[in-house]
Amino acid sequence: MESSAQSPSAFGASSSSRLLASGLGARRRTVNVVMTALIAGAFVLAMIPLFSLVFEVAKRGIPGLSVEFFTEDARGVVGGGGASHAIMGTLVITGVAAVISVPIGIMAAIYLNEYGTGRLRRALTFFVDVMTGIPSIVAGLFAYALFEIFFGPGIRLGVMGSAALSVLMIPIVIRSAEEVLKIVPNHLREASYALGTPKWKTITKIVLPTAFAGLVTGVMIAIARIVGETAPLLVTTGVVDSMNTDPFDGRMQNLAVYAYNEYRSPGVMKQAAYDKAWAAALTLIAIVMILNVAARLVYRRYKTEIR
Amino acid sequence: MLGAATKKRNEPTEKRGEMTDSRPAGTTSTEPVTSTAGRPAKTIETRGVNLFYGDFHAVEEVTMTIEPNKVTALIGSSGCGKTTFLRSLNRMHELTPGARVQGEVTLDGEDIYGDRVDPVAVRRLIGMVFQQPNPFPTMSIYDNVAAGLNLNAKRISKAQKDKVVERSLRGAHLWDEVKDRLDKPGGGLSGGQQQRLCIARAIAVEPEVLLMDEPCSALDPVATLAVEDLIGELKSRYTIVIVTHNMQQAARASDVTAFFNLDATGKPGHLVEMGPTETIFTNPNQKETEDYVSGRFG
């Protein structure tokens, strides 16, 4: 069968082929390359501060790392000693803050998403939004003022630091928990109601397990956010050289304040102090990175595929 | 009122000018019919039910009797209120914010909207299967079927639970396909299997009435046939109400058909006619019904 008016020449040689003649012309190709280069360049530019930061901290911090750094505190030493008290302090203070914030945050999110209606809900959402913007020093001063009422001026406790960090952490937990609860599809709740299940049981047995992975991830990211907060801890937990794991018993050191202190008051052996400060900063970065990676792994492992 | 055929107790369906009925006169529709499990299946009656979403009047003045151990199909074009009406039968309608119910709905004489009636208790007696299969994704197949038992107040031993799960899965014609993988997640089945899983889940709590909202519309024809066969079997033990926009399905699978219609968009849906399926499809009383079932509008 004869083909139509076109000559049976090689593809693209026919003059009546409009599509092939216009093609991905030179101009479009150039624009493509230029834009790709620009966007990739912007990405590299954005990554430079991040990598340079990590590189610098690592470079200066590694000399400060040692077994001693992780196992000994700074009690009674000059130039030597380690930061184990600071590391323990960070873990304890952040842990107590999480213990306070997570139940409050998740229950508030449950209220906002499952029960709340009308004006109370709008008011609460507004206040949560405001709280996400509170400067950390304000949270610290609030915690100090609160405890001063009960314990008198000059009080310094580990748990005060936790209280300050909770003020910062609760709105983050509420926000992310609310998002995750919203994603749980409504037809699962309906299926549960149709079986004759009361609402509270639907929430605890169906909604929360379905949202579990997202909730855990949200909490871990919230922890990563507050673990390096320095300002509130400066005014609440004080500075101390010895190990203290009791949040209710006097001053407690933590990595952020430790780094600040070593840098500000290096004492006699300056370089050693600076090294330790950088090492503390490096440890903090490592903690944040571990938390973030763990959060992703937990999410991938435990997430619920909702078909 | 023209256009609304109501069925009263002890009276056969009325036709304009004639009295015809496929059942012998004098049979009541309220004799408790004993199911094979030994428990009487129950009758649902509605009187003057009006349903609202806020100010919008969605369904108007429905008075009907849903007979025990029969499959009642609710048919009608989209948006005429069949699903809204169905959801009012087990107090799911009121879960929508702003939704209201007026009128009376009784389960074997007891008003389910009574002041002191717990909606949770109502839903344990009147179960529901939804259009989109919705097995709980965090639970295994076994746990999905047992969900009704686990989530309600019942405390039963593992051995008893095993029996209930097996009975329900057999009842839903799913046992042979899943008996070797009861601990696998509920979401890993095909659409038809998932829907049968949802049916197994619904019957595991042994309700008295089973409401089904377009249960086959998300399924392929083979799965649809399987579910329809299942419905035919289940009616010996439960009263079944099924909403469907597929007229052939209503004709195949139901004993009684109720036709809903809208006068115009924005107007409330109402019950036009209700009667034995064969009558509705071959010799309906109302012209509207005849036009719908013969496909003149839909």
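The largest nonpolar core holds 144 residues. A:V173, A:A280 and B:L210 have the most contacts inside it. The model described here is predicted. Helix α7 of chain A, residues 158-183, gives the most to this core, contributing 15 residues. In soluble globular proteins, nonpolar side chains tend to be buried together.

Residues up to four places away in sequence were set aside. With these excluded, A:A280 touches A:A83, A:A86, A:L255, A:Y258 and A:A259.

Helix α11 of chain A runs over residues 255-264 and is mostly covered. Seven of its 10 residues are buried.

A:A277 lies in helix α12 of chain A. A residue is buried if 20 or more other C-beta atoms lie within 10 Å of its own. A:A277 has 22 C-beta neighbours inside 10 Å, and therefore counts as buried. Beyond residues up to four places away in sequence, A:A277 touches A:A259, A:E262 and A:Y263. A:G161 lies 116 residues from A:A277 along the chain. The C-alpha atoms of this pair are separated by 20 Å.

The contact between the chains was considered next. Chain A puts 20 residues into the contact, and chain B puts in 22 residues. On the side of chain A that touches chain B, α8 (186-194) and α9 (199-226) each supply at least two residues. The largest share of that side comes from α8(A), with seven residues. By class, the side of chain A that touches chain B has nine nonpolar, six polar and five charged residues.

Helix α9(A) is not straight. It bends by about 60 degrees at A:F212. The end C-alpha atoms of α9(A) span only 34 Å. A straight helix of 28 residues would span 40 Å at 1.5 Å a residue.

Chain B has 298 residues, and buried residues make up 48% of them. Its secondary structure comes to 10 helices and 14 strands. Among contacts in chain B with a separation of 6 or more, 68% join residues 24 or more positions apart.

Ten strands of chain B form an open sheet with mixed pairing. Their order is β9-β8-β5-β6-β14-β13-β7-β12-β11-β10. The edge strands are β9 (110-111) and β10 (126-129), and each pairs on one side only.

Strands β5 (residues 44-53) and β6 (residues 56-66) of chain B run antiparallel and are joined by seven bridges. B:E45 has its bridge partner in β6(B), namely B:T65. The hairpin of β5(B) and β6(B) has two residues between the strands. In this hairpin, B:G54 takes a positive phi near 65 degrees. On another pairing, β6(B) runs parallel to strand β14 (residues 269-276) of chain B, with two bridges between them. Here B:V59 stands opposite B:G269 in β14(B).

Strand β7 (residues 71-75) of chain B pairs with strand β13 (residues 256-262) of chain B. Four bridges join them, and the two strands run parallel. B:L74 stands opposite B:A258 in β13(B).

B:V178 is placed in helix α5 (residues 175-178) of chain B. It is buried because 21 other C-beta atoms lie within 10 Å. Leaving aside neighbours within four places in sequence, B:V178 is in contact with B:I141 and B:L169.

Notes. Residues are numbered from 1 along each chain as its sequence is written. Chains are lettered from A and ligands numbered from 1 in the order in which they are written. This is a predicted model: local features need pLDDT of at least 70, side-chain atom pairs count only at pLDDT 80 or more; totals for chains, interfaces and linings use all residues. Two residues are in contact if their C-beta atoms, placed from the backbone, lie within 7 Å. Ala, Val, Leu, Ile, Met, Phe, Trp, Tyr, Cys and Pro count as nonpolar, Asp, Glu, Lys and Arg as charged, and the others, Gly among them, as polar. A nonpolar core is a set of buried Ala, Val, Leu, Ile, Met, Phe, Trp, Tyr and Cys residues joined through C-beta atoms within 7 Å. A residue is buried if 20 or more other C-beta atoms lie within 10 Å of its own, exposed if 12 or fewer, and partly exposed in between; C-beta atoms are placed from the backbone. The expected span of a helix is 1.5 Å times one less than its number of residues. The bend at a residue is the angle between axes fitted to the seven residues ending there and the seven starting there. Two strands pair if DSSP finds at least two bridges between them.
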